[in-house]
Amino acid sequence: VAARIIEDAAVFTARRDDGVRPVHRHHPIGSTSDLYRRTPRQQQRSGEVRMYRGQSGQWSWLLHRVTGMGVLLFLLVHIVDITLLGFGPTIYNDAINVFSLWPIRLASLALIGSVLYHAFNGARIILIDFWASGYKYQQAMFYIVLGLTIVSFIPMAYYVLAPIFHVCPQHNCAPAIM
Amino acid sequence: MATQAAGERTVLTGYGATARPTGMGWETFSWWFFRVSGVALIFLAIIHLLIMHVTNDVSATNYQFVAQRYANPFWRLYDLLLLTLALFHGLNGLRIITDDYVKARGPRLAVISTLFITALFFWLLGTITIITFHPGQTVTQALLGFLHHL
């Protein structure tokens, strides 16, 4: 009984930060706000059980949200800077020169890392949804996602940062920054 | 419905072959849109990053670069698809996050309406730029020309 109370307490505190939104047996998606009003015990009884219990899955979920919001924020900024194309080459070129500055190059690493993680973890979520035994390997897949993110991030980071040190692996850096 | 051993107890997870939504409503459409647009975006976004940061340096992606690129309608379509899917995938994600944190009916309606208007505004901004871009012509000239044709 004590173990169940502790578990329910853990589930309750994790409720808002749940790995995946609560899944109802009869109505898997929708009416979330109603589901959230139910107590953990009620959810347990009706077969709504969360997949993550504050372990790696919780981190994968949190990272997915944070990276998603970061990429969306950049996307809105990016739409605005692309809109400057409509005001001629002087204004546009002047504005996008900002992206060549070293602090912005560093910031763009966060964007690249976020896109890579969100893409690979998105594939993991789809595998959990569509592959019948995907949920059994969610943790292993999370480590694969992290590995792929790091492995693909490092060479891209080199290409983004090298021009700061006057090395141009792309061979087409603007003369002004070299 | 799959079962999974969690600790000493066996629990229903709801994950596995039957976890997909079954209705035909808005939330089901949203669920599928996330996954279908997500698969497309994995390729669209990563290829876009590789072109803009690896095969070219950002400092080379100036007005002349865009002019050369947009001479080919393929890249306009590519960017239009990337813009549309990424924007609606992202703002729909923000709607899901709102669902988790904003419970009261009024504020919820306000936030979600704002998200919808933001999506529409930025989509129009991006789409007008991608479609009307023509080297040596401003967006105002393009839009005036379009109105003149009507």
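The accessible surface of chain A comes to about 9200 Å² (Shrake-Rupley method, 1.4 Å probe; for residues, only the protein chains shown count as cover), and carbon and sulfur atoms hold 71% of that surface. The model is a predicted one, so local features were kept at a pLDDT of at least 70 and side-chain atom pairs at 80 or more, while totals for chains, interfaces and linings take in all residues. Residues are numbered from 1 along each chain as its sequence is written, chains are lettered from A and ligands numbered from 1 in the order in which they are written, and side-chain values rest on heavy atoms, with hydrogens and water left out.

Chain A has seven helices and zero strands (DSSP runs numbered from the N terminus: helices are H or I with at least four residues, strands are E with at least two). Read from the N terminus, its elements go α-α-α-α-α-α-α. Of its 178 residues, 48% are buried, where buried means under 20% relative accessible area, exposed means over 50% and partly exposed lies in between (1.4 Å probe, protein chains only). As for contacts (heavy atoms within 4.5 Å), those in chain A with a separation of 6 or more come to 62% from residues 24 or more positions apart.

Next, confidence. The complex gets an ipTM of 0.85 and a pTM of 0.79 from the predictor. For chain B the mean pLDDT (the predictor's confidence in each residue, from 0 to 100) is 87, with 86% of residues at 70 or more. Within chain B, helix α2 (residues 63–70) has the highest confidence, a mean of 97, and strand β2 (residues 9–12) the lowest, at 41. The pLDDT stays below 50 over residues 1–18 of chain B, a stretch that still has 45 contacts in the model beyond near neighbours in sequence. Where pLDDT is low, predicted coordinates should not be read in detail.

Now for the charged pairs. Side chains of opposite charge can pair when their charged atoms come close. Counting a salt bridge as a side-chain nitrogen of Lys or Arg within 4 Å of a carboxyl oxygen of Asp or Glu, the total over all chains is six. One of them joins Asp100(B) to Arg65(A), at 2.6 Å from N to O. This pair crosses between chains, with Asp100(B) in helix α3 (residues 73–101) of chain B and Arg65(A) in helix α4 (residues 56–83) of chain A. Both Asp100(B) and Arg65(A) are buried. Another salt bridge brings Asp57(B) and Arg105(A) together, with 2.9 Å between the closest N and O atoms. Here too the pair crosses between chains: Asp57(B) sits in the loop between α1 (26–55) and α2 of chain B, and Arg105(A) in helix α6 (residues 102–130) of chain A. Asp57(B) and Arg105(A) are both buried.

A further salt bridge stays inside chain B, pairing Glu27(B) with Arg95(B) at 3.0 Å between the closest N and O atoms. Glu27(B) belongs to helix α1 and Arg95(B) to helix α3, so the pair links distant parts of the chain, 68 residues apart. Glu27(B) counts as partly exposed because its relative accessibility is 21%, whereas Arg95(B), at 10%, counts as buried.

On a 1 Å grid over the protein atoms alone, a pocket is an open set of points with protein on both sides within 12 Å along at least five of seven lines, a cavity is a set where a 1.4 Å probe fits but cannot get out, and lining residues have an atom within 4 Å of a point. Helices α1, α3 and α4 (105–132) of chain B each give two or more residues to its lining. The whole structure has one cavity of 30 Å³ or more. The largest cavity holds about 40 Å³ of space, and its lining draws on both chains, including Leu85(A), Gly86(A), Thr129(B) and Phe133(B).

Thr129(B) turns up again in the surroundings of Thr83(A), which touches Leu125(B) and Thr129(B), leaving out residues up to four places away in sequence. Thr83(A) lies in helix α4 of chain A and is buried, with a relative accessible area of 16%. Met141(A), in helix α7 (residues 138–161) of chain A, counts as buried at 9% relative accessibility. Beyond four places in sequence, Met141(A) contacts Arg124(A), Leu127(A), Ile128(A), Trp131(A) and Gly134(A).

How values were computed
Points joined across faces, edges and corners; volume = space filled by probe spheres on them.
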